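Work through the exercises below with the sequence and the model in view. Each task is followed by a stepwise solution.

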Amino acid sequence: MTVLSSGDGIDGPWLATHGANAAWRYARSVDPTLDDIGAAHDTGAWDLCVEACAKALQAMLVCHCCLDGMKSVPEREHLHVLIASSDHPVAAALRTLPLSYRATAADAELARAAVDEQDAALRTRLPFELPVIRRAGRHAATVRATAQIARFRSALGLGALDWDRSGL
């Protein structure tokens with residue numbers, strides 16, 4: 001998790017908007033997909049593993065865009081255009097993934113390595129992490145954290161975030 005200081009140029013409104021949005025997208029779309037990657041790999045489902053890696057990288061790209069000011073999740077077509085045209089390292093990693101329907105164990109390992117690299121880079125940018133929301137018994141902490149962010153946004157005169165739409 002990133003340790004923030006006043007020298008980082010991060011203020012309350014940014015944290016309550018872009019930072020919170022990216023952290024929520026990570027919890028909703030990236031974190032559970034990392035579990036899917038591991039499960040597919042452990043069972044030798046190489047095609048599913050590579051496909052889950054692609055989904056994780058797509059979600060990571062959206063998180064980076066949220067951190068950079070994007071307010072909502074792009075529609076599917078716009079996401080594909082972003083992936084095809086962006087020079088962002090996550091988009092480049094997506095474009096180099098092998099095809100999932102022909103994936104081998106080696107392909108799955110390469111895809112997992114790309115995800116690990118991009119996940120590490122993203123996690124250094126996230127201002128905070130929400131608790132895991134997909135595992136049994138862990139829902140309340142995330143709901144509490146998002147309620148605190150909503151109260152903070154309200155105190156700053158900002159509107160509500162669309163917490164329920166993952167779009168990925």
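**Exercise 1: Methionine 70**

Methionine 70 lies in the loop between α2 and α3. The model is predicted, so local features need pLDDT of at least 70 and side-chain atom pairs pLDDT 80 or more, while totals for chains, interfaces and linings use all residues. Residues are numbered from 1 along each chain as its sequence is written, and side-chain values use heavy atoms, with hydrogens and water left out.

Solution. 
- Step 1. Histidine 18 is 52 residues away from methionine 70 in sequence, with a C-alpha to C-alpha separation of 7.5 Å.

**Exercise 2: The chain as a whole**

Task: state the secondary structure of the protein chain and its share of buried residues.

Solution. 
- Step 1. The protein chain has 6 helices and 0 strands (DSSP runs numbered from the N terminus: helices are H or I with at least four residues, strands are E with at least two).
- Step 2. Read from the N terminus, the order of elements is α-α-α-α-α-α.
- Step 3. Of the 168 residues in the protein chain, 44% are buried.
- Step 4. Among contacts between residues at least 6 apart in sequence, 75% join residues at least 24 apart.

**Exercise 3: Packing of α3 and α4**

Task: describe how helix α3 and helix α4 pack, and list the residues that meet.

Solution. 
- Step 1. Helix α3 (residues 76–85) packs with helix α4 (residues 89–96) at an angle of about 90°, and their axes are 7 Å apart. Axes are lines fitted to C-alpha atoms, for helices over the stretch in contact, and angles run from 0 to 180 degrees between N-to-C directions.
- Step 2. The angle therefore makes α3 roughly perpendicular to α4 (under 35 degrees is roughly parallel, over 145 roughly antiparallel, 65 to 115 roughly perpendicular, the rest oblique).
- Step 3. From α3, Leu82, Ile83, Ala84 and Ser85 meet Ala91, Leu94 and Arg95 of α4.

**Exercise 4: Histidine 64**

Task: locate histidine 64 and find its side-chain polar contact with arginine 125.

Solution. 
- Step 1. Histidine 64 sits in helix α2 (residues 46–67).
- Step 2. A relative accessible area of 4% makes histidine 64 buried.
- Step 3. Outside four places in sequence, histidine 64 is in contact with His88, Val90, Leu122 and Arg125.
- Step 4. The side chains of histidine 64 and arginine 125 are joined by a polar contact of 2.9 Å. A polar contact is a pair of N or O atoms within 3.5 Å; within protein, one must be able to donate a hydrogen and the other to accept it, and residues adjacent in sequence count only if both atoms are side-chain atoms.

**Exercise 5: Cysteines**

Task: count the disulfides.

Solution. 
- Step 1. A disulfide is a pair of cysteine sulfur atoms within 2.5 Å.
- Step 2. The count by this rule is 0 disulfides.
- Step 3. Cysteine 53 is in no disulfide, and its nearest cysteine sulfur, in cysteine 49, is 4.5 Å away. Cysteine 53 is buried, at 0% relative accessibility.
- Step 4. For cysteine 66, the closest cysteine sulfur is in cysteine 63, 6.2 Å away and therefore too far for a bond.

Methods:
Contact = heavy atoms within 4.5 Å. Buried < 20%, exposed > 50% of the residue type's maximum accessible area, 1.4 Å probe, protein only.
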